[in-house]
Amino acid sequence: MVLPIFLFFMMTVMLSIETVRFQSHIQEALYQAGNERAFSEYRVKYQGKTKVNSQEQIKEYLESQLYPYLCVKGGKEGIRFQDLSVTEQGKIEYVLSCRIKPFIEWLPIGDVVMNDRFFSHSWIGYSKIESQDGNVVPEIYVYVTRTGSRYHMSYECTHLNVQVHMEEYENLFGLRNQSGGKYYACERCKPLAEGTVYITNDGDCYHGQADCSSLKRTICMIPLSEAAGYSPCSKCAGKKERAF
């Protein structure tokens with residue numbers, strides 16, 4: 001009795017692994033098709049291109065994999081694709097569902113349904129604004145961070161891309177940041193007063209971990225007209241702001 005039970009257990013585990021593999025293929029297929037659709041809306045509307053058939057793209061990707069429908073009940077016919085996109089709103093939404101077949105069909109474990117969903121927004125080009133002389137000019141976009149108070153004209157601004165340096169704790173007392181200030185312990189990662197610490201040139205804290213969340217920058221691109229609560233960056237936006 002041990003051998004059949006062991007084989008049943010191993011086959012169930014292998015089926016679970018195959019299910020995870022198949023789901024990763026579905027997610028990749030949805031991602032590729034969705035991103036292609038996001039840009040095709042602009043091409044169809046303004047360049048006269050042919051609309052992309054996302055369902056066919058997803059099928060082609062899945063069928064290019066090795067044994068693509070091995071764990072799916074009904075095989076290729078068991079895949080259900082729904083396109084819930086709203087073109088007028090630039091909304092892209094795909095839903096792909098299927099039923100996973102058990103290792104032994106007659107086991108009373110019920111149906112295992114797998115649903116994967118993709119959300120995106122179609123790219124329809126940059127918006128434009130009207131200048132004082134009546135001419136239409138492209139909207140200016142800037143870069144901001146969730147916790148910052150300044151906007152940046154360049155994504156490659158050094159204030160957005162933090163350069164982290166390693167230092168020994170005992171050397172901190174003789175170091176100053178670019179503003180001439182001292183370094184204090186980070187309140188998030190709470191570094192020890194010993195060993196190696198991490199600092200930045202424009203920061204005022206030292207960190208015990210190189211991946212401390214205080215060292216990360218979540219960058220967003222927004223129109224300049226919506227950056228009223230931000231002041232221009234003195235390095236990348238100050239000169240350009242005066243030029244405008």
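Modeller: Accessible areas here come from the Shrake-Rupley method with a 1.4 Å probe, and they are applied to a predicted model. On that basis the protein exposes about 16600 Å², of which carbon and sulfur atoms supply 53%.

Biologist: How many helices and strands are there in the protein, and what percentage of its residues is buried?

Modeller: The protein has 3 helices and 13 strands, and buried residues make up 30% of its 244 residues. Turning to contacts with a separation of 6 or more, residues 24 or more positions apart account for 59% of them.

Biologist: Which residues make the nonpolar surface patch, and where is Leu-7 placed?

Modeller: The patch, of about 670 Å², is made by Leu-3, Phe-6, Leu-7, Phe-9, Met-10, Val-13 and Ile-17. Leu-7 has its place in helix α1, which covers residues 2-47, and because its relative accessibility is 45%, Leu-7 counts as partly exposed.

Biologist: How should I read the buried residues in helix α2, and which are they?

Modeller: The general idea is that an α-helix has 3.6 residues a turn, so residues three or four places apart point the same way. In α2, residues 54-63, the buried ones are Ser-54, Ile-58 and Leu-62. Seen down the axis of α2, these buried residues fall within an arc of 70°, so they line one face of the helix. At the start of α2, moreover, a side-chain oxygen of Asn-53 reaches to within 3.3 Å of the backbone nitrogen of Gln-55.

Biologist: Is Asn-177 buried or exposed, and what lies 2.7 Å from a polar atom of its side chain?

Modeller: The cut-off for buried is under 20% relative accessible area, and Asn-177, at 11% relative accessibility, therefore counts as buried. Asn-177 lies in the loop between β8 (164-168) and β9 (184-185). A polar atom of the Asn-177 side chain lies 2.7 Å from the backbone nitrogen of Gly-181, and a polar atom of that side chain also lies 2.9 Å from the backbone oxygen of Gly-203. Not counting residues up to four places away in sequence, Asn-177 touches Lys-182, Tyr-183, Asn-201, Gly-203 and Asp-204.

Biologist: Where is Ala-237 found, and how many residues apart in sequence are Ala-237 and Ser-154?

Modeller: Ala-237 is found in the loop between β13 (231-232) and α3 (238-243), and with a relative accessible area of 0% Ala-237 is buried. Ala-237 and Ser-154 are 83 residues apart in sequence, while their C-alpha atoms are 7.8 Å apart in space. Leaving aside neighbours within four places in sequence, Ala-237 is in contact with Tyr-151, Met-153 and Pro-232.

Note on methods
Residues numbered from 1 in each chain as written. Predicted model: local features only at pLDDT ≥ 70, side-chain atom pairs only at ≥ 80, totals over all residues. Heavy atoms only, no water. Buried < 20%, exposed > 50% of the residue type's maximum accessible area, 1.4 Å probe, protein only. Helix = DSSP H or I, 4+ residues; strand = E, 2+ residues; numbered from the N terminus. Arc of directions from axis to C-beta. Polar contact = N/O pair within 3.5 Å; in protein donor to acceptor, adjacent residues only side chain to side chain. Contact = heavy atoms within 4.5 Å. Patch = residues over 30% accessible without salt bridge, like charges linked within 9 Å, V, L, I, M, F, W, Y side chains within 5 Å. Salt bridge = Lys/Arg side-chain N within 4 Å of Asp/Glu carboxyl O.
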